[in-house]
Amino acid sequence: ERVTEKYTDFTPDDIKRYLEKFRKSVLDGRYIIAKNQNRQENIDFIEDYKINTKKEKDILLGIQYDDFCYAVDNEKEEFAHEKLYIFCKCQELDYWGSLEYVDIYIKTNMTQTRRGDDFTIVVSFHKRNKSIRYLFK
């Protein structure tokens, strides 16, 4: 079992730089939200709140540096060199006709395509299900 570490040694500027690259990959359509069998929570969240591609992009592009919580090593051995960034964004969403504010737990993994472009995998995109601490709030 590999030990993964949690990282909080970031400055606001570090996270702003990360978010610049992140936003560019979202705007360029170089991102995906994980919706495989291990990510049922993401699928349910997107369906329950009727989140279409436009709303998905709005949420992702709206992430601010102070929504950042921490980074963590990738648990998968073959991706041990990657760090996953965890954000929690409060967003007003429509739940079957009634509006509610939802804390959205967003875990991102930025990697590169073979051509060297940034590509983002949104590993987690669901309602927050554990307590979190913001690094800059």
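**Rings, strands, turns and pockets**

Tutor: We begin with the rings. There are eleven aromatic pairs in this predicted model.

Student: How is a pair of aromatic rings described?

Tutor: Two values do it: the distance of the centres and the angle of the planes. Now take a case. Phe10 and Tyr85 are 5.6 Å apart, centre to centre, with 55 degrees between the planes. That makes the pair tilted.

Student: Which parts does the pair of Phe10 and Tyr85 tie together?

Tutor: Phe10 is in the loop between β1 (6-7) and α1 (12-27), and Tyr85 is in strand β4 (residues 83-95). The pair therefore ties together parts that are 75 residues apart in sequence.

Student: Are Phe10 and Tyr85 buried or exposed?

Tutor: Both Phe10 and Tyr85 are buried.

Student: Let me see a second pair. What are the values for Tyr49 and Tyr95?

Tutor: Their centres are 5.1 Å apart and their planes are at 45 degrees, so this is a tilted pair. Tyr49 sits in the loop between α2 (40-48) and α3 (53-61), while Tyr95 belongs to strand β4. So the pair ties together parts that are 46 residues apart in sequence.

Student: Which residues do ring pairs link into a cluster?

Tutor: The cluster holds Phe10, Tyr18, Tyr65, Phe68, Tyr85, Phe87 and Phe136.

Student: Which rings have a charge over them?

Tutor: Here are two cases. Lys16 lies over the face of Tyr65, 4.6 Å from the ring centre. The charged end of Lys50 is over the ring of Trp96, at 3.7 Å from its centre.

Student: Where are Lys50 and Trp96 found?

Tutor: Lys50 is in the loop between α2 and α3. Trp96 is in the loop between β4 and β5. Lys50 has 45% relative accessibility, so Lys50 counts as partly exposed. Trp96 has 57%, so Trp96 counts as exposed.

Student: Now the strands. How do β4 and β5 (98-112) pair?

Tutor: Look at the direction and the bridges. β4 and β5 are antiparallel, with twelve bridges. Ile86 has Lys107 in β5 as its bridge partner. The two strands form a hairpin with two residues between them, and Trp96 is in the turn.

Student: What about β3 (68-73) and β4?

Tutor: Five bridges join them, and they run antiparallel. Val72 stands opposite Leu84 in β4.

Student: Which strands are joined to β6 (118-127)?

Tutor: Strand β2 (residues 31-33) runs parallel to β6, with three bridges. There, Ile33 has Val122 as its bridge partner. β5 runs antiparallel to β6, with nine bridges. Tyr105 stands opposite His126 in β6. The hairpin of β5 and β6 has five residues between the strands, and Gly116 takes a positive phi near 95 degrees there.

Student: How many residues of β6 are buried?

Tutor: Seven of its ten residues are, and β6 is mostly covered.

Student: What is the volume of the second largest pocket?

Tutor: It is about 170 Å³. Residues that line the second largest pocket include Lys6, Cys69, Tyr70, Arg133 and Leu135. Its lining divides into five nonpolar, two polar and three charged residues.

Terms used:
Residues are numbered from 1 along each chain as its sequence is written. This is a predicted model: local features need pLDDT of at least 70, side-chain atom pairs count only at pLDDT 80 or more; totals for chains, interfaces and linings use all residues. Side-chain values use heavy atoms; hydrogens and water are left out. Rings of Phe, Tyr and Trp (its six-membered ring) pair if their centres lie within 6.5 Å; planes under 30 degrees apart count as stacked, over 60 as edge-to-face and the rest as tilted. Helices (H or I, at least four residues) and strands (E, at least two) are DSSP runs, numbered from the N terminus. Buried means under 20% relative accessible area, exposed over 50%, partly exposed in between (1.4 Å probe, protein chains only). A charge sits over a ring if NZ of Lys or CZ of Arg is within 6 Å of the ring centre and within 35 degrees of the ring normal. On a 1 Å grid over the protein atoms alone, a cavity is a set of points where a 1.4 Å probe fits but cannot get out, and a pocket is an open set with protein on both sides within 12 Å along at least five of seven lines; lining residues have an atom within 4 Å of a point. Grid points are joined across faces, edges and corners, and a volume is the space filled by probe spheres set on the points. Ala, Val, Leu, Ile, Met, Phe, Trp, Tyr, Cys and Pro count as nonpolar, Asp, Glu, Lys and Arg as charged, and the others, Gly among them, as polar. Two strands pair if DSSP finds at least two bridges between them.
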